[in-house]
Amino acid sequence: MRSVRGLFVPFLVLALLMSAVSSSGASEAPAGQMTWAVHISLAPTWFDPAETSGIITPFMVLYALHDAVLKPLPGQLMTPSLAESWSMSPDGLVYEFVLRKGVKFHNGEPVTAEDVKFSFERYRGASAKPLKDSVATIESPDPGRVRIRLKRAWPDFMTFYAGATGASWIVPKKYVEKVGDEGFKKAPIGAGPYRFVSYSPGIELVVEAFDQYWRKTPSVKRLVLKSIPDEATRLAALKRGEVDIAYGIRGALAEELRRTPGLTLKPNVGQATFWVNFPDQWDAKSPWHDRRVRLAANYAIDRQAINQADALGHSKITWSIVPSSFEFYWQPPGYSYDPVKAKQLLAEAGYPNGFDAGDYFCDAAITYVGEPVVNYLNSAGIRVKLRPIERAAFFRGWSEKKLKGLIQGGSGAFGNAATRIEAFIAAGGSYVSGSYKDIDGLFLEQANELDARRREAALHRIQQLIHEKAMIAPIWLNAGLNGSGPRVEEAGIGLIAGYAFSAPYEDVRLKGK
């Protein structure tokens, strides 16, 4: 249990300090409007914490509308929020959370233990099964306390509960039961710093400051998240002052942004790793069943050239599905860019003239990676066609195993090496098409291991096997290149370590405010 104490004791100390600080007090009334040009089409599924999908995108909305028992905040990745403190029993089987007094949902109802219990029980997003399978009971002994009893000590319980999933983000039980799941997504009510105003599909989400938010009264009155999928259009809107912050400005457009007076380029290396999945590697009739073909794909991609052209060199080539900042990360060896070797490996595997590999599916917002990767694969003789899909539909299709061919994976979700492996590598994961028995065995072993060193050894060995089997073609640890305009005092980008977007929203500020 040494690793658990080492990870969690600072959080308990912080909780005690935070609980001693009053959240009341006079503050200026929120004023003004801040507008974001976001690079994706916002989807109502992201308005409901119960449906978080193992990626970071839903939190772009959750940080505005909702609040969590604990959540990542500046300076601490597991900060007491709706809970003012929490504790774990010496045997690691019981977790108790003391809720912050006086906190209300946007409809004026108090946040209670029943809401926390209800939110956990209705959670159905990524990693719901391992999280719920670990819990024996969840109790609400009184309105201000929640007690979760585990079936067995699980060192990753808090990492999954308060980091990698949306299970600790709380919704009002009475309201959800009244309007139903679909009604909730049409008019969500939360306990976050901003309340829902309107949503126009494919256009924008509008929220307004909730002046009773416990942490602080937001500085900006109205936030608008405007969907502008085209990168050049986002930059043009930023230049004209139609938006204050623009996400995802890459390559030559990023250079243009950097040269434009009054605009600021904000690179942010978070925890979003990108990679190529080979879902047919378990099909004995597929070319991808041959490890040499998967190795050929790895040698075919010039990652450094893509990084310089697209991310201006800010992304990091880490060779892993696991972010280098995560606990239990293991550093794999890299692959040189070697198109000659790629073709040689294909010939050895029986494909001297290459082969038709079908479709290459990717998130439409990440075609800046997909396009050059597809070009490199085609040059090596692995003939694929780029098939971009809008983000929500892409991840839904991937999780439902409807995408055939190559899949460009990516995730910026919080967690550790185990949470990434659970979602994308080990049997039963939300995005897993097939798995290997040796990896599955090690994953089960580490999940039950309380000794930190033995657990680390198992997780390192899993990552070694991912590399040795060439299960994936890692691309990089992404650097988000974002722009802010002249009215912005604090964009909130990078305030939370590893997080890709602006947050906490109550901390963003306009100049002169």
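Reply: One term comes first: buried means under 20% relative accessible area, exposed over 50%, and partly exposed in between (1.4 Å probe, protein chains only). This is a predicted model, where local features need pLDDT of at least 70 and side-chain atom pairs count only at pLDDT 80 or more, while totals for chains, interfaces and linings use all residues. Residues are numbered from 1 along each chain as its sequence is written, and side-chain values use heavy atoms, leaving out hydrogens and water.

The structure holds 36 salt bridges (a side-chain nitrogen of Lys or Arg within 4 Å of a carboxyl oxygen of Asp or Glu). One of them joins arginine 124 to glutamate 51, at 3.0 Å from N to O. The two sit 73 residues apart in distant parts of the chain. Arginine 124 is in the loop between helix H3 (113-122) and helix H4 (128-133). Glutamate 51 is in the loop between strand S1 (33-38) and H2. (Helices, H or I of at least four residues, and strands, E of at least two, are DSSP runs numbered from the N terminus.) Arginine 124 is partly exposed at 37%, but glutamate 51 is buried at 19%. Both belong to a salt-bridge network that also includes Asp48, Arg122, Asp181, Glu182 and Lys185.

Next, lysine 239 meets glutamate 256 at 2.2 Å, N to O. This pair links helix H7 (residues 231-240) to helix H8 (residues 251-259). Lysine 239 is partly exposed at 41%, and glutamate 256 is partly exposed at 26%.

Within H8, glutamate 255 and arginine 258 lie three residues apart, about one turn of the helix. Their closest N and O atoms are 2.8 Å apart, in a salt bridge. Glutamate 255 is partly exposed at 28%; arginine 258 is partly exposed at 43%.
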